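Hi,

Here is the structure I promised to send over. Have a look at it first, then read my notes below.

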Amino acid sequence: MDAQDLRSKTPDQLKDQLVSLKKEAFNLRFQQATGQLENTARMRTVRRDVARVQTILNQKAAEAAASN
């Protein structure tokens, strides 16, 4: 996931993506707890993607507040 791609999305699209990433992170944690997780690097990737989406959302919110 690239930050440039995220910046081109609307806040609603970003929120939807954030929800899906958090669901995936939950499922990965569940798989790890039950010993079924095969790709452990995916947890790190998803966690960083969540942070990236939240950062872009905060930037967009700050821009909207500054423009008003």
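A quick definition to start: two residues are in contact when they have heavy atoms within 4.5 Å of each other. This is a predicted model, where local features need pLDDT of at least 70, side-chain atom pairs count only at pLDDT 80 or more, and totals for chains, interfaces and linings use all residues. Residues are numbered from 1 along each chain as its sequence is written, and side-chain values use heavy atoms, with hydrogens and water left out.

Let's begin with Gln-17. Setting aside residues up to four places away in sequence, Gln-17 touches Met-1, Leu-6 and Lys-9. Gln-17 sits in helix H2, residues 11–34 (helices are DSSP runs of H or I, at least four residues, numbered from the N terminus). Its relative accessibility is 17%, so Gln-17 counts as buried (under 20% relative accessible area, with a 1.4 Å probe and protein chains only).

Now the helix pair. The axes of H2 and helix H3 (residues 41–67) come within 9 Å and cross at roughly 155 degrees. That makes H2 roughly antiparallel to H3 (an angle over 145 degrees, taken between N-to-C directions on a scale from 0 to 180 degrees, with axes fitted to C-alpha atoms over the stretch in contact).

Cheers

Notes. Helices (H or I, at least four residues) and strands (E, at least two) are DSSP runs, numbered from the N terminus. Buried means under 20% relative accessible area, exposed over 50%, partly exposed in between (1.4 Å probe, protein chains only). Angles under 35 degrees count as roughly parallel, over 145 as roughly antiparallel, 65 to 115 as roughly perpendicular and the rest as oblique.
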